[in-house]
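Take a look at the model below. The paragraphs after it walk through its main features, one stop at a time.

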Amino acid sequence: MRDDPRLPSSPGFWRSPLRGPRFTSVLGLVLLVGITVLFVTGLVSYAAYNPDLSPVNDKTPDKGILGFYLFAWPTNPHWLYRLNQGVHVTLGITLIPVLLAKLWSVIPRLFALPPARSLAHALERISLLLLVGGALFEFVTGVLNVQLDYVFPGSFYPLHFYGAWVFFAAFVAHALLKMPTALRNLRHLREERNDLVSPRPAEPTVSRRGALWFVGGGSLLLFATTVGQNFDGILRRTALLAPHGGGDPGSGPNGFQINKTAKSRGISRAETSDEVWRLVVAGPAGNVRLSRAQLAGLPLYSAALPIACVEGWSTSDQWWRGVRLRDLAALAGYDADDPPDVFVESLQRRGAFRSAALRANQVADPRSLLALYVNGEELSPDHGYPARIIVPAAPGVLNTKWVARMTFGDL
């Protein structure tokens with residue numbers, strides 16, 4: 001069976017003259033750098049949720065030592081999460097052609113017989129299966145999440161989190177095994193023959209250099225049609241493959257990107273009307289109920305902050321105006337200069353992150369607001385009217401909209 005050229009287990013079945021150790025090594029080194037950056041930015045994104053602050057912020061139960069947490073998420077610079085998640089998502093999409101080309105270049109090894117020649121070879125084959133399966137799983141779930149297409153079973157957060165650890169462990173093991181060979185292949189002017197080189201190659205239709213240019217061109221095209229989601233104006237219109245890549249919703253002061261609308265979350269105008277809606281601020285001083293007019297009568301402050309979402313899109317700085325969170329902590333009975341954590345609950349009744357927790361350093365930042373206005377106008381319903389949270393450097397889902405209750409205290 002191994003020598004029957006009609007079967008994929010035969011080296012003669014794979015006839016492309018492009019396959020070879022140098023071609024594979026170039027792609028592998030690109031992925032070595034790119035996937036390492038993806039893993040690091042993924043961990044940083046995880047840290048941005050302050051996962052040990054409250055169970056509501058962490059969607060990865062039973063994570064054990066994998067959920068290690070090294071630092072409280074900072075509020076400076078205010079564009080930190082915007083940069084991190086923009087790099088994570090844009091780079092992940094850009095690497096898709098490289099990943100596919102790499103898998104294509106080594107596919108003969110997946111069918112090689114016998115399955116294991118020794119214990120070491122068996123371990124290498126297992127790590128390769130985990131690597132290939134993990135890579136496809138991580139990139140597919142990541143792209144589906146970016147497109148807001150949740151066709152996979154279960155929640156994206158634990159699936160992507162645990163999958164990333166399995167994939168990266170296999171990736172590190174594979175890199176350590178193959179790095180010396182990859183560097184040697186790149187240094188040699190004459191390519192070594194190995195099991196990737198077909199014993200009876202077909203006539204070439206393109207050179208290996210041309211194939212690499214083709215892969216690079218595909219990556220450049222995906223980059224050009226994705227990166228615009230991190231900007232406003234005409235650049236956003238170039239983000240054809242991004243879920244928020246079209247024109248900004250509407251026009252005027254509220255005409256910037258929206259992830260979840262009031263209608264999609266079941267928010268009615270009746271419950272957000274000035275006559276009905278009240279914000280409950282809870283703490284040692286008891287429960288304080290405030291209408292929107294009463295909030296507007298408190299000292300108001302402004303801050304220029306972006307919104308950045310886990311799907312990779314972000315806005316430029318918008319001018320928000322509202323009551324500082326630290327001042328609301330003072331109403332709840334705490335020292336405004338040393339406020340505690342806060343648990344924020346929304347009118348939203350369905351969907352993830354109906355509530356969220358913020359750490360004390362986020363509450364203390366003078367730019368952290370319960371916003372009532374944006375760009376000189378009242379918030380629109382889709383941007384969180386009557387009031388929403390806005391915090392520098394925080395993921396978009398922690399900037400809770402349609403706020404109904406804020407409970408201050410150590411969480």
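This is a predicted model: local features need pLDDT of at least 70, side-chain atom pairs count only at pLDDT 80 or more; totals for chains, interfaces and linings use all residues.

Val33 sits in helix α1. Is Val33 buried or exposed? Val33 is exposed, because its relative accessible area is 54%. Together with Val37, Trp79, Leu83 and Val87, Val33 forms a nonpolar patch on the surface. The accessible area of the five residues together is about 420 Å². Two helices, α1 (21-47) and α2 (80-94), each give at least two residues to the nonpolar patch.

Now step back to the whole chain. The chain has 10 helices and 10 strands. Its C-alpha atoms fill a box of roughly 80 × 45 × 35 Å along the principal axes. The chain has 411 residues, and 49% of them count as buried. Its accessible surface comes to about 19300 Å². Carbon and sulfur atoms hold 65% of that surface. What about contacts across the sequence? Take the contacts between residues at least 6 apart in sequence: 70% of these join residues at least 24 apart.

Return to the stretch between α1 and α2. The loop there contains Asn50. Phi of Asn50 is near 50°, a positive value in a residue that is not glycine. Asn50 counts as buried, because its relative accessibility is 0%. Further along, Pro77 belongs to the loop between α1 and α2 too. A cis peptide bond links Asn76 to Pro77, with omega at about -10°.

Helix α4 covers residues 119-146, and Ala120 is found there. Ala120 counts as exposed, because its relative accessibility is 56%. Now compare Ala120 with Glu138. The two are 18 residues apart in sequence. In space, their C-alpha atoms are 26 Å apart.

How far apart are the end C-alpha atoms of α6? Helix α6 runs over residues 208-224, which makes 17 residues. Which residues of α6 are buried? They are Ala211, Val215, Ser219 and Leu222. These residues cover an arc of only 80° around the axis, so they lie on the same side of α6. The spacing follows a general rule. An α-helix has 3.6 residues a turn, so residues three or four places apart point the same way. What do the buried residues of α6 pack against? They pack against α1, α2 and α3 (96-110). On the face of α6 turned away from the buried side are the exposed residues Arg209, Trp213, Leu220 and Leu221.

Next come the charged pairs. Side chains of opposite charge can pair when their charged atoms come close. The structure holds six salt bridges. One of them joins the side chains of Arg324 and Asp327, with 3.1 Å from N to O. Arg324 is buried, because its relative accessible area is 17%.

Another salt bridge pairs Arg326 with Asp337, whose closest N and O atoms are 2.9 Å apart. Arg326 lies in helix α9 (residues 325-331), and Asp337 lies in the loop between α9 and β5 (342-346), so the pair ties together parts 11 residues apart in sequence. Arg326 counts as buried at 15% relative accessibility. Asp337 counts as exposed at 62%.

Glu345 counts as partly exposed, at 29% relative accessibility. Arg405 counts as partly exposed too, at 28%.

The last stop is a pair of loops around β9. Pro386 lies in the loop between β8 (377-378) and β9 (388-390). The peptide bond from Tyr385 to Pro386 is cis, with omega near 15°. Trp402 lies in the loop between β9 and β10. Trp402 is not a glycine, yet its phi is positive, at about 55°. Is Trp402 buried or exposed? Trp402 counts as buried, because its relative accessibility is 0%.

Key:
Residues are numbered from 1 along each chain as its sequence is written. Side-chain values use heavy atoms; hydrogens and water are left out. Patches are made of residues with over 30% relative accessible area and no salt bridge: like charges are joined within 9 Å, nonpolar side chains (Val, Leu, Ile, Met, Phe, Trp, Tyr) within 5 Å. Accessible areas come from the Shrake-Rupley method with a 1.4 Å probe; for residues, only the protein chains shown count as cover. A salt bridge is a side-chain nitrogen of Lys or Arg within 4 Å of a carboxyl oxygen of Asp or Glu. Helices (H or I, at least four residues) and strands (E, at least two) are DSSP runs, numbered from the N terminus. Buried means under 20% relative accessible area, exposed over 50%, partly exposed in between (1.4 Å probe, protein chains only). The expected span of a helix is 1.5 Å times one less than its number of residues. The arc is that of the directions from the helix axis to the C-beta atoms. Contact means heavy atoms within 4.5 Å.
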